[in-house]
Amino acid sequence: MQRTAVAISAVVLLLPLSACGGDAEAGSGSTVTVTVGYQSRTINTVTAGTLLRSLGSFEKQLNSLHDGVRYKVDWQDYATGAPITAQMTAGKIDIGSMGDFPLLINAARGKQLNSPTRLVSVTGYNLRGGLNTIVTAPGSKLTSLKDLKGKKVSTSVGSAADGTLVRALQRAGIDPNGGIEKLNQQPSVGASALAAGSTDALSQFVAWPGLLAFQGKAKAIYDGARLNLPTFHGVTAREDFAEERPAVLEAFLKAQAEATDYLNDHPVDAAEKVAKATGLPAEVVYLYNGAHGIATFDPAIKPQLVSALKQDVSVLKSAKLTGDVDVDSFVDDRYVKKALGPAAYARHLATKPAPAASEAWPKGASKTVTFDSPSKLLRYVAGHRGALRAAYVPDTTTGTLWFADEAVWVADGDQLLPFVAPDTAQAYIAGHGGARVVPYVDALERAS
């Protein structure tokens, strides 16, 4: 917001102090505004954004400080991490959440502009990389990465989805720079381009691939989990803010932990809350954030995520988006460790993602039904046609959850096996004689 010098002076005269993480002293009766940048539709950040805001947990934690300061939280919603970084380095956002590649750019820009930031916690993660997916139009003849050679591919340069695209193409033997025509677009623009036929494929992060698949507007051709490299979203804070107001940052991280517990304990209700706040279908939110969803939520900064972050630096350097990034100095778990307590933090570090499982979400139900095999889920679906909101199955190879009716099904003897993408299914078939792809309707018939 642009203000004239006169208007600013008037505001300063009228208020004791109103600032972005301002310098008010305890007991002064002043007001401090804490500005939080988040991405409401990037639903693996909900424990530091959408869900956290919906629960009011941060405000409650701030009220419990009893330090004589009145706190106000200014929630600022963005589509991607880049504008959050721009606002943070300008001193206008105190705390932000974004994906791993944007976090590195956040670290680099902060150092470059003498406004350093620190990674202080994690929101959602997937240890294999399943948060990013490459999709194409439903009627497209493209079925694998090799089919993308010479094609137009939309992504958001500098995002985790772009990182997945680059690495996946390299593994397929395609030059990520000259082998495709890359379109640098916001997720919503890329989705529109895919629908209009002005791009051949779209590489994006949560929740866009799942949303487009659920709407019947896309089909997956590459599951990011095939890279078997962790991807995550995290919380970053300005270093000066963290040092000046450690109690406020600790309050935020305590609130994030509360939101994480709520999501893990009430996954269906949490999905409904996020859906209401974002306009996303709850079925799509649950695909990623559910009990056996693609993402695991835990605020602890796990060593394998830090290791993955270090590997990401080379991708950004090759794209000339950053230089070297000192990941070890960027990562700072002191605040979240204090917020959770040392013993609890150690337990969080040791926790593992929930095992893969199939789930059905009956209409009107507040809980899903879990099955220990895709075949049992299919049998249930066949017997409850028209009575389900969604059915989910984990990819046989990667464990990535996907919609049962959008999965690629393979019959291998008596087994019915789901896969996110055709090339993953074909890789399985190549090693299992007699296995073959069957349509979803045939898989339902075989299971019933």
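Helices, at least four residues long, and strands, at least two, are DSSP runs numbered from the N terminus. In these terms, helix H5 (100-112) and helix H6 (160-171) each supply at least two residues to the lining of the largest cavity in this structure, which is a predicted model. The largest cavity has a volume of about 90 Å³, and the structure holds two cavities of 30 Å³ or more. Fourteen residues line the largest cavity, and Asn 132, Thr 164, Arg 167, Leu 229 and Thr 231 are those that lie nearest its centre. The greatest contribution to this lining, four residues, comes from H6.

An open sheet of six strands runs in the order E2-E1-E3-E10-E4-E11, and its pairing is mixed. Strand E2 (70-77) and E11 stand at the edges with a single partner strand each, so one side of each is left without a neighbour in the sheet. Helix H10 packs on this sheet and touches strand E1 (31-38), E2, E3, E4, E10 and E11, while its direction makes about 0° with that of E4. Within the sheet, strand E3 (residues 95-99) and strand E10 (residues 231-238) are paired in the antiparallel sense over five bridges, and Ser 97 has Val 235 in E10 as its bridge partner.

In soluble globular proteins, nonpolar side chains tend to be buried together. The largest nonpolar core of the model has 101 residues, and those with the most contacts inside it are Ile 43, Phe 58, Leu 249, Phe 252 and Tyr 288. Helix H10 (residues 246-265) provides the largest share of this core, namely nine residues. When residues up to four places away in sequence are not counted, Phe 58 touches Val 34, Val 36, Leu 52, Val 73, Trp 75, Val 248, Ala 251, Phe 252 and Ala 255.

Another open sheet consists of four strands in the order E13-E12-E14-E15, with antiparallel pairing. Its edge strands are strand E13 (369-371) and strand E15 (401-403), each of which pairs on one side only. On average, and with direction ignored, neighbouring strands of this sheet are turned by 25° against each other. Strand E14 (residues 388-394) and E15 pair in the antiparallel sense over three bridges, with Pro 394 standing opposite Leu 401 in E15.

Strand E16 (residues 408-412) and E17 are likewise described by antiparallel pairing, here over five bridges, and Asp 412 stands opposite Gln 415 in E17. The two strands form a hairpin with two residues between them, and Gly 413 in the turn has a positive phi of about 65°. Strand E17 (residues 415-419) is mostly covered, since four of its five residues are buried.

Several local features of the backbone and surface can also be described. A cis peptide bond, with omega of about 5°, joins Val 206 and Ala 207, and Ala 207 is placed in the loop between strand E8 (201-205) and helix H8 (208-214). Asn 114, in the loop between H5 and E4, has a positive phi near 55° although the residue is not glycine. Asn 114 is exposed, because its relative accessible area of 70% is over the limit of 50%. Lys 320 is located in the loop between H13 and helix H14 (327-330), and its phi, near 60°, is again a positive value in a residue other than glycine. At 74% relative accessibility, Lys 320 counts as exposed. Lys 317, by contrast, lies in helix H13 (residues 303-318) and counts as partly exposed at 36% relative accessibility. With residues up to four places away in sequence not counted, Lys 317 touches Thr 322, Gly 323 and Asp 324.

Key
Residues numbered from 1 in each chain as written. Predicted model: local features only at pLDDT ≥ 70, side-chain atom pairs only at ≥ 80, totals over all residues. Heavy atoms only, no water. Core = buried A, V, L, I, M, F, W, Y, C linked by side-chain atoms within 4.5 Å. Buried < 20%, exposed > 50% of the residue type's maximum accessible area, 1.4 Å probe, protein only. Contact = heavy atoms within 4.5 Å. Pairing = 2+ DSSP bridges. Axes fitted to C-alpha atoms, helices over the stretch in contact; angles between N-to-C directions. 1 Å grid on protein atoms, 1.4 Å probe; cavity = no way out; pocket = protein on both sides within 12 Å on 5 of 7 lines; lining within 4 Å. Points joined across faces, edges and corners; volume = space filled by probe spheres on them.
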